[in-house]
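Please find my notes on the two-chain model below.

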Amino acid sequence: MYVAIKLDKEKCIGCKMCIFVCPEANVIAFCPKSKKVEVNEARCKGCGLCVVACPKDALSLDNN
Amino acid sequence: MTKNILKMSPAFADIIPAEYRELVDNGPYGRDVGVAELGTFKELLEEHPLCAGCGLALALRIFLASLPAPEDTIVVGSTGCSSLVFPQAAVQNIHSLFGNQNSVASGLKRALKLRFPDKDKDVIVVAGDGATADIGLDMVMHSWFRRENITTIMLDNEAYANTGGQESGMSQQGTVLYMAPKGKNFPKISMPELAREAGCVYVAVGTPAQPRKLEKMLKRAIILARHVGPTYVQIMTPCPTNYKFKNNETVNRLKGLEKDGVFKPREYITAEAQEALNRLEEVSK
């Protein structure tokens, strides 16, 4: 089983809270053009710290 | 070191890993980027082997992002979870014997001063609580007594985490761990106060739950170590594996510990260091 976070782009407000709590480097990138974050799922370990930190529930843990 | 050393030969460009190419094109070398810009540049760290939700990994990520000059920084590490990260980080690193980190750093700083008299080379010690407060305490204290110009950073996870969870001098009294079933008998060592008395010009206790504040502490410690004397930063980094809490509770646990008064962020600075800091901040404006 590989666990990674899933981003709902509609809900993201670009506050970058997830970037500041993520213990993995380069997983969540901020796109200055769209003012939203992007997720690199291959680098994610699925700890869920960003899910707790997100104020808009835009991130969720995807177990598959 | 200049960025030219990192640049690859054009003939090999197609076989160089994508991560390395990204580091050369969009890395933090020679640019004024910090914690606030995280997510917009390629970080120095890459796929480390630490556990999911590790507080230490979060602290190291913030540490690597807040380095004032990553190309002129040498990190001296010691055995422990923190040493697992540096083979994956794009900074110069020396792995010393367990507990010897501050002695190695003292010699290195003196040699670099002779070799590059007109350049600031930051020598930073990054070690865990076992290497700093237990096994290497004499080397750490004596580097402070000698007033070596090095920054000592302790990543305090309150246990020997990668050998199965033994109690360390920094564990709280009564802590029960996998390899400490009876609970710890004596209280946590107050390292920041020891550092202040031993001659550190700047001492700070921070948490990765407040990344910008931690960045400010780390930057101050590194800059003051260049100009004034030894500095010490202690970062609280909870361990979900040995303290048996869920991976996603690391940051909330830090906030809870601070609320309960178990963990107190604090800063001590000498008058001489404060004066130097004011002068440096005025110049940078």
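1. A term before the strands. Two strands pair if DSSP finds at least two bridges between them. Strand 5 and strand 6 of chain B meet that test, because they are joined by 5 bridges. The two strands run parallel. One bridge links B:Val205 to its partner B:Gln234 in strand 6 of chain B. Bear in mind throughout that this is a predicted model.

2. The other neighbour of strand 6. Strand 4 (residues 151–156) of chain B is joined to strand 6 (residues 231–236) of chain B by 6 bridges. This pair also runs parallel. Here B:Ile153 has B:Val233 of strand 6 as its bridge partner.

3. The whole sheet of chain B. How many strands does the open sheet hold, and in what order? There are 7 strands, in the order 2-1-3-4-6-5-7. The pairing is mixed. Strand 2 (92–95) and strand 7 (266–269) of chain B are the edge strands, each with pairing on one side only. From one strand to the next, the twist averages 15°. As background, strands of a sheet pair through backbone hydrogen bonds, either parallel or antiparallel.

4. Burial of strand 5. Is strand 5 (residues 202–206) of chain B mostly covered or mostly open? Mostly covered: 5 of its 5 residues are buried. In a regular strand the side chains alternate between the two faces of the sheet. On one side of strand 5 of chain B sit B:Tyr202, B:Ala204 and B:Gly206, all buried.

5. Helices 7 and 9 of chain B. The axes of helix 7 (residues 211–227) and helix 9 (residues 271–284) of chain B come within 11 Å. They cross at roughly 105°. Angles of 65 to 115 degrees count as roughly perpendicular, and helix 7 of chain B and helix 9 of chain B are therefore roughly perpendicular to each other. Helix 7 of chain B brings B:Arg220, B:Ile223, B:Leu224 and B:His227 to the contact. Helix 9 of chain B brings B:Ala273, B:Ala276, B:Leu277 and B:Leu280. By class, the contact has 6 nonpolar residues, 1 polar and 1 charged.

6. Helices 3 and 5 of chain B. For helix 3 (residues 101–115) and helix 5 (residues 137–145) of chain B, the axes come within 7 Å and cross at roughly 35°. B:Asn102, B:Ser103 and B:Ser106 of helix 3 of chain B meet B:Met139, B:Val140 and B:Ser143 of helix 5 of chain B. This contact has 2 nonpolar residues, 4 polar and no charged ones.

7. A loop residue. B:Asp118 lies between helix 3 and strand 3 (122–128) of chain B, in the loop. Is B:Asp118 buried or exposed? B:Asp118 has 4 of them within 10 Å, so it is exposed. Its C-alpha atom is 23 Å from that of B:Glu272, which is 154 residues away along the chain.

8. Chain B overall. Chain B has 9 helices and 7 strands. Its radius of gyration is 19 Å, close to the 19 Å from the globule rule for 285 residues, so chain B is as compact as a globular protein of that length. The C-alpha trace spans about 60 × 45 × 35 Å along its principal axes. Of the 285 residues, 49% are buried.

9. Chain A overall. Chain A has 2 helices and 4 strands, in the pattern β-α-β-β-α-β along the sequence. Its radius of gyration is 11 Å, close to the 11 Å from the globule rule for 64 residues, so chain A is as compact as a globular protein of that length. Its C-alpha trace spans about 35 × 20 × 15 Å along the principal axes. Buried residues make up 39% of the chain.

10. Where the chains meet. The contact takes 21 residues from chain A and 20 from chain B. On chain A, helix 1 (17–21), strand 2 (28–31) and helix 2 (49–53) each supply at least two residues. Helix 2 of chain A gives the most, with 4 residues. The chain A side divides into 15 nonpolar, 3 polar and 3 charged residues.

Key
Residues numbered from 1 in each chain as written. Chains lettered and ligands numbered in written order. Predicted model: local features only at pLDDT ≥ 70, side-chain atom pairs only at ≥ 80, totals over all residues. Axes fitted to C-alpha atoms, helices over the stretch in contact; angles between N-to-C directions. Contact = placed C-beta atoms within 7 Å. Nonpolar A, V, L, I, M, F, W, Y, C, P; charged D, E, K, R; others polar. Rg over C-alpha atoms; globule rule 2.2 N^0.38 Å. Buried ≥ 20, exposed ≤ 12 C-beta atoms within 10 Å, placed from the backbone. Parallel < 35°, antiparallel > 145°, perpendicular 65-115°, else oblique.
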